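Thank you all for making time this morning. I would like to take you through one structure, and I will keep to what can be computed from its atoms.

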Amino acid sequence: MQPLPRSLDPLHDESLVGYVLRLAYRAGSTPAEVTVRTGLRRTELSGLSLRPLHDLDPGQLQKFSTATSLTPSEARGLLLAGLAPRYGPLDLSLTKGRTAQSLISGNAWASFRNTRYCPECLSGSGTEIEQLLGGAWRRLWRVPAVFVCCRHQRILSTRCSGCGQPAQVSKPGHAILHLTVEGLHPLQCRNNTAPKGTRTGTPCGARYDQTDPPSGHPPDAITLDAVLRLQERIETLLTTAPDGATATFGWRVPVGIYFFDLWALSALIFLTWPECLQLAATPTLADTMDEEADQRRQNHPTYRGHGKQPRSRIYMIPPESPLASAAVLGIAERLLAAPDEETANEALKGVIERSNGVGSRLGYQFRSTRRASVPFRATLRHDQRPWAAHQLPSRADLILKHPGMIRVAP
């Protein structure tokens with residue numbers, strides 16, 4: 001593998017897709033040629049799978065690093081797997097099936113098929129290279145727990161203003177659409193404009209940085225302040241939490257597992273809404289939850305996910321709406337912050353009782369998911385009583401099986 005004649009330094013938190021698009025445009029080439037010459041694809045005839053968005057095997061990483069003149073560390077920094085130590089849904093050792101394919105195709109809590117974005121971030125920071133190529137398509141925008149741009153204090157966008165489709169749509173075998181099209185700017189939409197069911201078409205071409213697609217009425221100032229503060233706390237967990245741990249019901253748990261707790265509790269909140277209505281931070285967020293929960297209940301009887309995914313998935317998948325994500329995660333975070341399991345059990349009593357009534361099988365499934373932390377599963381178990389000594393693992397067992405998971409001192 002020979003180095004490319006021209007390469008680029010990665011931008012902060014840049015994704016692999018964004019880097020490839022910038023590199024191809026700067027070189028006057030196509031993403032198809034760049035992905036072959038950097039080892040991401042074997043031949044011009046092979047597709048670009050979704051797997052390189054998550055991770056590269058050692059051989060691929062070496063080829064990519066050599067071709068782009070990046071260090072292995074810089075190359076790994078483009079991959080979603082780099083977020084795995086703090087975001088459990090991207091960690092193969094924690095996800096169901098423990099294979100890259102199952103993580104990519106069946107993972108509701110990591111977005112491989114489209115991304116949220118901030119138009120102002122994409123317009124760049126004013127440097128010469130960003131004036132030419134635009135700002136970074138950030139990796140964190142692929143994490144559904146990221147819904148706000150704290151820098152520009154705005155809700156992230158989700159769709160292209162030109163074609164109305166989700167931003168940066170990817171499909172199995174087609175991580176970047178229109179690979180062979182030359183001359184598209186990294187910030188131009190590559191979504192297919194052909195009618196549904198046809199194979200050919202032209203890319204949309206609208207700029208993500210120049211037009212902001214409408215996404216309903218902007219939130220009021222109080223709501224925006226609430227979701228900004230929530231996002232700052234979540235991004236701290238994703239990037240700079242001091243010891244890689246946080247609290248669930250008064251127990252220290254690894255940050256990666258904490259996000260499983262957040263999403264499992266979010267599913268219960270949607271299933272039992274409006275049980276947690278009083279915990280919504282603002283009336284606007286409560287209204288947003290009303291709309292989202294109603295839509296899920298309506299879609300549940302006819303929901304069909306990818307492959308053989310069960311209808312219960314309709315309650316588990318993150319909302320497309322960033323504001324709805326903020327609404328449900330804010331409630332879940334508030335509940336998980338209970339100082340001990342007894343307080344949490346009391347706060348969640350209504351959720352548990354209602355989940356037994358509206359969908360006992362689903363409620364038990366969400367409360368007992370093995371990917372959530374031990375304190376989460378023990379507190380939300382089926383019988384609703386406070387933890388019994390024989391049901392709670394000993395402190396020694398918890399520390400042995402779950403390093404870093406210890407009871408927070410009162």
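Predicted model: local features only at pLDDT ≥ 70, side-chain atom pairs only at ≥ 80, totals over all residues.

Let me begin with helix α9, which covers residues 221–239, and helix α13, which covers residues 322–336; their axes come within 10 Å and cross at roughly 65 degrees. With the range of 65 to 115 degrees counted as roughly perpendicular, α9 and α13 are therefore roughly perpendicular to each other. The crossing in which α9 passes α13 is left-handed. On the α9 side the contact is made by T223, V227, L230, R233 and I234, and on the α13 side it is made by L323, A326, L329, G330 and E333. Sorted by class, this contact of α9 with α13 comprises six nonpolar, two polar and two charged residues.

Helix α9 also meets α10, and here the axes come within 9 Å and cross at roughly 140 degrees. The residues in contact are I234, L237 and L238 from α9, together with V255, Y258 and F259 from α10. What is the class make-up of the contact of α9 with α10? The residues divide into six nonpolar, no polar and no charged. I would also point out that I234 of α9 is listed in the contact with α13 and again in the contact with α10.

The next pair is helix α10, residues 255–272, and helix α11, residues 283–299, whose axes come within 8 Å and cross at roughly 85 degrees. These two helices, α10 and α11, are therefore roughly perpendicular to each other. Their contact is made by I269, F270 and L271 of α10 and by M289, E292, A293, R296 and R297 of α11. By class, the contact of α10 with α11 has five nonpolar, no polar and three charged residues.

That brings me to the backbone. Most residues other than glycine have a negative phi, and most peptide bonds are trans. In the loop between α10 and α11 we find P274, and the peptide bond from W273 to P274 is cis, with omega near 15 degrees. The second detail is H178, which is not a glycine and yet has a positive phi, near 50 degrees. H178 sits in the loop between β2, residues 154–155, and α9.

The lining of the largest cavity divides by class into 11 nonpolar, four polar and two charged residues.

The second largest cavity has a volume of about 50 Å³, and its lining consists of S15, L16, V17, L53, L78, L80 and R142. In terms of class, the lining of the second largest cavity has five nonpolar residues, one polar and one charged.

I will stop there, and I am glad to return to any of these points in discussion.

Notes. Residues numbered from 1 in each chain as written. Heavy atoms only, no water. Axes fitted to C-alpha atoms, helices over the stretch in contact; angles between N-to-C directions. Helix = DSSP H or I, 4+ residues; strand = E, 2+ residues; numbered from the N terminus. Parallel < 35°, antiparallel > 145°, perpendicular 65-115°, else oblique. Left-handed = near helix turned anticlockwise from the far one by under 90°. Contact = heavy atoms within 4.5 Å. Nonpolar A, V, L, I, M, F, W, Y, C, P; charged D, E, K, R; others polar. 1 Å grid on protein atoms, 1.4 Å probe; cavity = no way out; pocket = protein on both sides within 12 Å on 5 of 7 lines; lining within 4 Å. Points joined across faces, edges and corners; volume = space filled by probe spheres on them.
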